[in-house]
Amino acid sequence: MDTAPADLSTLTVAVIGGGVMGGTLFRALLAVEDPRVAHAVVAETHAPRRAALLAEVADLVVGRDVRATVDAVEAVRGADVVVLAVKPQDARATLASLAKDLGRGTLLLSICAGLSTTTLEGWLPGGVRVVRGMPNTPARIGEGATAVCAGSTATPADLDLVVRLLGRSGVVLPVAEDRMGAVTGVSGSGPAFVLLAMEAMIDAGVELGLTRAVAHDLAVQTFRGTAGLALEPGAHPTLLREAVTSPGGTTAAGLAALEEHGVRAGIAAAVRATYARDAELGA
Ligand SMILES: NC(=O)c1ccc[n+]([C@@H]2O[C@H](COP(=O)([O-])OP(=O)(O)OC[C@H]3O[C@@H](n4cnc5c(N)ncnc54)[C@H](OP(=O)(O)O)[C@@H]3O)[C@@H](O)[C@H]2O)c1
């Protein structure tokens with residue numbers, strides 16, 4: 001086919017690599033409804049992971065053809081969409097082993113950090129169209145943030161298809177490819193930065209006498225609740241922060257301490273360092 005079919009019920013999707021992120025996206029694409037993907041297969045080298053993945057999607061497989069296999073070559077035969085979810089350093093060898101079994105007109109969705117669509121296209125036989133995605137781990141609970149961009153021959157219909165396939169993983173936003181490194185810095189690696197901030201708040205709460213369980217629940221719910229406020233229509237982090245900062249008050253004192261310790265600059269530096277490492281991986 002020249003363009004990916006819009007009808008998910010006729011689609012065969014193969015996920016190569018059923019690890020942390022491949023497994024998450026496998027479940028997310030099976031959760032898409034109306035229409036549902038009819039045929040899906042995940043190729044994963046580790047048998048316990050394959051078993052766990054099938055157990056996790058057991059509620060979603062009734063009435064359709066869903067499998068897990070050790071054999072990636074067999075998985076991609078006849079697939080309309082192939083999701084490449086192996087480690088970036090394994091991507092080239094994996095694609096080389098699959099090249100002759102990828103159909104002309106297959107759409108490849110790569111989620112490998114740092115690998116550009118140009119690089120991937122160079123490793124693939126002609127006719128395979130490429131879309132690149134950068135998801136993050138909250139996709140596991142349908143709260144992910146994924147950016148996608150199209151390679152040189154992928155069509156707007158391909159991008160639209162990927163957005164639909166990933167729809168149950170959370171928010172999916174198209175970006176220009178030269179911004180994908182920035183996406184890795186903000187949202188791809190972002191959960192780790194948020195978790196570090198959570199840990200620091202929990203530890204400080206314990207230091208000040210809260211039990212670890214109470215400090216944990218208060219800190220985690222504070223992140224969740226604040227994200228909920230920031231997602232309200234018209235909300236903005238700066239305005240929300242100003243609204244809780246009374247002159248001479250407790251929050252103002254805390255914010256002054258954060259600025260004094262360079263937390264704002266530190267977070268920005270973390271995003272920039274991630275961006276730089278992403279560029280190194282792709283070089
Ligand atoms: N985790 C994240 O937060 C995140 C976020 C955004 C993007 N990504 C991207 O997602 C990709 C996967 O990351 P991950 O964290 O999910 O890695 P992972 O947990 O290591 O999963 C990759 C899995 O694929 C398997 N595998 C490798 N080659 C295979 C093949 N030819 N056939 C079948 N299975 C194969 C690996 O097995 P072996 O152990 O035997 O190699 C491993 O179990 C990476 O490229 C990463 O850049 C990850």
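Student: Let's start with Asp34: buried or exposed?
Tutor: Bear in mind that this is a predicted model, where local features need pLDDT of at least 70, side-chain atom pairs count only at pLDDT 80 or more, and totals for chains, interfaces and linings use all residues. Residues are numbered from 1 along each chain as its sequence is written. Buried takes 20 or more other C-beta atoms within 10 Å of a residue's own, exposed 12 or fewer, and partly exposed is in between, with C-beta atoms placed from the backbone. Asp34 has 6 other C-beta atoms within 10 Å, so Asp34 is exposed.

Student: What is the phi of Asp34?
Tutor: Asp34 sits in the loop between α1 and β2; helices (H or I, at least four residues) and strands (E, at least two) are DSSP runs numbered from the N terminus. Asp34 isn't a glycine, yet its phi is positive, at about 55°.

Student: Which residue does the cis peptide bond join to Asp34?
Tutor: Omega of this bond is about 0°.

Student: How do α8 and α9 lie relative to each other?
Tutor: Helix α8 (residues 190–207) and helix α9 (residues 212–230) pack at about 140°, with axes 8 Å apart. Axes are lines fitted to C-alpha atoms, for helices over the stretch in contact, and angles run from 0 to 180 degrees between N-to-C directions. Under 35 degrees counts as roughly parallel, over 145 as roughly antiparallel, 65 to 115 as roughly perpendicular and the rest as oblique. So α8 and α9 are oblique.

Student: Which residues of α8 make the contact with α9?
Tutor: Contact means C-beta atoms, placed from the backbone, within 7 Å. On the α9 side there are Arg212, Ala215, His216, Leu218, Ala219, Val220 and Phe223. From α8 come Val194, Met198, Met201, Ile202, Gly205 and Val206.

Student: And what share of the residues of the protein chain is buried?
Tutor: The protein chain has 12 helices and 8 strands. Of its 283 residues, the buried share is 34%.

Terms used:
Contact = placed C-beta atoms within 7 Å.
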